[in-house]
Amino acid sequence: ISLSVIASFAETYNTALDLAYRKIVAFLNGLGVEAVFDTRFVYSLVRVLVGKEIAGRTADVPVIAAECPAWLLYALKKLPADLLPILSLVKSQQKLMGLLVKSILKERLLEFFEANSGKSSINHDEANANSKEEHKGKIFHIAICQCNDKKVEPTLDAESEKEVDLMITAKELNEYMNEQQPFSTIEPASTVYSITQFLPSQTPYKEIKTVPLGYIYGIYNDLDTSGKPLQFTAAGNKDFRVAEVMLGTGKKLKAVLAGGYRNIQKVLASLKSGKCTYDFIEIYACPGECWGGAGLLDMEGRLADKVKEKSGDEDYGKEAIKFLEERSADAVSMIKGKPLVRKERDIMASSLSW
């Protein structure tokens with residue numbers, strides 16, 4: 001479940017982030033879902049990987065985030081061919097989570113489901129039990145996201161390579177929930193899991209208290225050596241903001257966080273003219289970035305402003321870095337001593353393979 005989805009439920013129903021999440025988990029468990037994970041770890045993983053791309057550039061060209069599917073598809077059509085390589089090679093959070101649950105951590109998850117199936121509070125009827133037997137050994141991955149365009153992602157992969165089997169929006173989940181049971185009457189789940197519990201670090205679930213506002217915030221914390229908080233300057237409109245990151249080498253990186261098609265046009269124009277002065281461009285089709293996604297519960301455009309009050313760095317950044325270090329060195333097997341299923345480069349497989 002995307003963090004913006006959790007935030008939109010929390011704001012709509014006037015409840016704390018973690019309580020809203022636990023209610024969603026309880027409802028999904030009641031439908032037969034074996035495990036629910038929020039996206040904090042994969043957010044951290046993407047953040048660290050994109051930071052590596054920015055710091056490791058060999059040419060004086062920007063890195064452009066490819067998280068937003070609407071922007072990515074638009075860029076593939078509108079960017080000149082010689083500029084396509086500057087798109088980030090890092091997959092979206094949803095596809096990375098799919099890579100984890102359907103490949104890298106698959107066997108550990110299946111063993112866990114099998115060991116805990118009798119202890120689960122889920123009430124499996126006979127039909128559901130037959131379905132479980134038929135699909136034994138398989139994981140069906142559903143992503144609950146903030147954006148209608150995210151639904152394009154699963155359709156562009158071959159069936160055997162799908163990392164996400166189904167994407168639904170917060171609005172669709174909310175509509176179905178209200179048909180079954182009012183949100184206010186749902187008892188929150190007493191037990192929730194983090195995907196990090198299935199990593200070698202076995203880091204337990206952390207209560208959701210804050211949400212990250214964008215990759216640039218985390219990248220700044222990872223790379224900046226100035227010791228100062230990140231400061232944005234609006235450049236023309238409130239959805240086009242510029243910031244600087246000071247590297248240990250003394251070099252400054254200039255980053256932009258932008259949302260909305262008018263700002264996409266602005267970025268494209270600077271790229272095509274060869275006058276782009278940015279090192280990192282994090283861009284989204286929706287004004288307000290993912291916090292303004294059309295698939296979120298209707299907040300009348302207020303969610304982006306509301307979440308800023310709850311923003312912070314309580315993520316799994318250290319776990320993400322440790323995960324990559326262990327995998328790149330082949331030091332730890334993800335699955336009970338067996339060889340690693342994929343190496344770090346596979347995690348960074350290009351979204352252009354769509």
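Reader: What makes K95 and E163 a salt bridge?

Author: In this predicted model, the closest N and O atoms of K95 and E163 are 3.4 Å apart. The cut-off is 4 Å between a side-chain nitrogen of Lys or Arg and a carboxyl oxygen of Asp or Glu, so the pair counts as a salt bridge. A search of the whole structure finds ten salt bridges.

Reader: Why is the pair of K95 and E163 said to tie parts together?

Author: K95 lies in helix 5, whereas E163 lies in the loop between helix 8 (152–155) and strand 3 (166–169), so the pair links parts that are 68 residues apart in sequence.

Reader: Helix 5 supplies residues to the lining of the largest cavity. What else is known of that lining?

Author: Helix 1 (3–12), helix 5 (93–104) and strand 7 (280–284) each supply at least two residues. The lining has 18 residues, and Y43, Q93, P212, C290 and W291 lie nearest the centre of the cavity. By class, the lining divides into eight nonpolar, seven polar and three charged residues. The volume of the largest cavity is about 240 Å³.

Reader: What makes this a cavity and not a pocket?

Author: A 1.4 Å probe fits at the points of a cavity but cannot get out, whereas a pocket is an open set. The structure holds six cavities of 30 Å³ or more.

Reader: Which residues line the second largest cavity?

Author: The lining includes E67, C68, P69, Q146, C147 and K150. Y284, A285, C286, E289, C290 and G293 also belong to it. The classes here are seven nonpolar, two polar and three charged. This cavity has a volume of about 70 Å³.

Reader: Why are strand 1 and strand 4 called edge strands?

Author: Five strands form an open sheet in the order 1-7-6-5-4, with mixed pairing. Strand 1 (63–64) and strand 4 (233–234) each pair on one side only, and these are the edge strands.

Reader: How do you know that strand 5 and strand 6 pair?

Author: Pairing needs at least two bridges, and seven join strand 5 (residues 240–246) to strand 6 (residues 252–259), so the two count as paired. These strands run antiparallel. One of the partners in strand 6 is L253, which is bridged to V245.

Reader: Which helices pack on or lie across the sheet strands?

Author: Helix 10 (residues 215–223) packs on the sheet and touches strand 5, strand 6 and strand 7. The direction of helix 10 makes about 15 degrees with that of strand 5. Helix 11 (residues 261–273) lies across strand 1, strand 5, strand 6 and strand 7, and runs at about 145 degrees to strand 7.

Note on methods: Residues are numbered from 1 along each chain as its sequence is written. This is a predicted model: local features need pLDDT of at least 70, side-chain atom pairs count only at pLDDT 80 or more; totals for chains, interfaces and linings use all residues. Side-chain values use heavy atoms; hydrogens and water are left out. On a 1 Å grid over the protein atoms alone, a cavity is a set of points where a 1.4 Å probe fits but cannot get out, and a pocket is an open set with protein on both sides within 12 Å along at least five of seven lines; lining residues have an atom within 4 Å of a point. Grid points are joined across faces, edges and corners, and a volume is the space filled by probe spheres set on the points. Helices (H or I, at least four residues) and strands (E, at least two) are DSSP runs, numbered from the N terminus. Ala, Val, Leu, Ile, Met, Phe, Trp, Tyr, Cys and Pro count as nonpolar, Asp, Glu, Lys and Arg as charged, and the others, Gly among them, as polar. Contact means heavy atoms within 4.5 Å. Axes are lines fitted to C-alpha atoms, for helices over the stretch in contact, and angles run from 0 to 180 degrees between N-to-C directions.
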